[in-house]
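Reader: I have a structure to study for my course. Could you go through it with me?

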2 protein chains.
Amino acid sequence: MKYKKVPLTAVRRLSIYARTLSDLENRGRETVSSEELGLDANIPSTQVRKDLAYFGQFGTRGKGYSVKELNRKLREILGLDRSWNVALVGAGNLGKALFSYPGFRRQGFHIVAVFDNDPAKIDKEWKGLKIQHIKKLPEIVKEKKISIGIIAVPSSAAQEVAETMCRAGIKAILNFAPKRLFLPPECKQGTVDLAIELENLSYFLTK
Amino acid sequence: MKYKKVPLTAVRRLSIYARTLSDLENRGRETVSSEELGLDANIPSTQVRKDLAYFGQFGTRGKGYSVKELNRKLREILGLDRSWNVALVGAGNLGKALFSYPGFRRQGFHIVAVFDNDPAKIDKEWKGLKIQHIKKLPEIVKEKKISIGIIAVPSSAAQEVAETMCRAGIKAILNFAPKRLFLPPECKQGTVDLAIELENLSYFLTK
């Protein structure tokens, strides 16, 4: 199913709603109003209703949403009802932290291959997974049906790694290097700039 | 100076504009239009103009913005014209990656203390900085004038660590544990949920 013109920020909020709904489901809740969902997710209820309306008609007037049904639907929209094979490039501190991050696996993202170009790291094992030389990326991406790549290398190497990933058939790249990547349009990119979050906080401390 | 009712998403975009302007400044550019700035930052120019208007009148019709002047102003608004002392709690893989992340220092965020509660980690040194027991946090926060805390502990410990930070006088907390924190209103929080970024990508792969 195609959904047109959904803003990026709305997609991000869907993830937050899905987390909030999973919490409610675990606590045995069966229905929830947009007001409660908004309160729990820290998002205005008008925004909640607007965001959900992009994807069709949910809920019943006066009764609210079915927690289980809405969660299932949002997870389907977000592609969380299946699992994704992920390649990680960069076996440094950040790479290791991302490899160990439990939140990825919980949402169906499995890091099935780790690459680096440092001979001292190649063939080392992380939880039984051998670190491979970056030159093996194309064959392993095909072999393991990898569709998502994570870049955790220094900024100076990020663009080259990204191009290698795209050429190998990876369709989406999550970039942790604080550098803008230039990619072909068929390759979707997301960037995590950890410093931006601190800048958000310093803005509020400065006021 | 106080700016009223600036949406959180606009503050985030200011960080992106500031990065783009620094890039332009390094390339020797003197002026930039909202169209170019938007193109470089991947944000519509109408949004650029709207965001900047929250903070006053910048630029000259027909001539655009002075790159240097606008960058200086945005960095001042974001609190990036000074340095901030930061405490990191959690000396695991993620903590180590954050400690080594060059982007923090570049923007004036200095991790001046690292805490953990694992006896095996206490007194170990990271780049000459001794890891301290969490019980020493209150005295060190005062001694080193720390105003920002970063939480990189397991979810189960995050709330307790956050409360310890707030009681010690920390005013803003960046939380990497995938768990919502409940804090007193004087303590500002930001959350980084690394999985949300992957979900954004899987949404686009699913479409």
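Reader: How do β5(B) and β6(B) run, parallel or antiparallel?
Author: In this predicted model, strand β5 (residues 125–126) of chain B is joined to β6(B) by two bridges, and these strands run antiparallel. Strands here are DSSP runs of type E with at least two residues, numbered from the N terminus, and two strands pair if DSSP finds at least two bridges between them.

Reader: Which residue stands opposite Trp126(B)?
Author: Leu129(B), in β6(B), stands opposite Trp126(B). The hairpin of β5(B) and β6(B) has two residues between the strands, and Lys127(B) takes a positive phi near 45° there.

Reader: And how does β4 of chain B run with β6 of chain B, parallel or antiparallel?
Author: Strand β4 (residues 109–116) and strand β6 (residues 129–133) of chain B run parallel, joined by three bridges. Phe115(B) has Gln132(B) in β6(B) as its bridge partner.

Reader: What is the order of the strands in the sheet of chain A?
Author: Seven strands form an open sheet in the order β5-β6-β4-β3-β7-β8-β9 (chain A), with mixed pairing. The edges are β5 (125–126) and β9 (188–191) of chain A; each has a single partner strand, so one side of each is left without a neighbour in the sheet.

Reader: Changing topic: how many residues of chain A are in contact with chain B?
Author: There are 59 residues of chain A in contact with 60 residues of chain B, where contact means heavy atoms within 4.5 Å. The area buried between the chains is about 5,400 Å², and carbon and sulfur atoms give 67% of that. Buried area is the accessible area (1.4 Å probe) that two parts lose on being put together, summed over both.

Reader: What about conventions?
Author: Residues are numbered from 1 along each chain as its sequence is written, and chains are lettered from A and ligands numbered from 1 in the order in which they are written. Local features need pLDDT of at least 70, side-chain atom pairs count only at pLDDT 80 or more, totals for chains, interfaces and linings use all residues, and side-chain values use heavy atoms, with hydrogens and water left out.

Definitions and conventions:
Helices (H or I, at least four residues) and strands (E, at least two) are DSSP runs, numbered from the N terminus.
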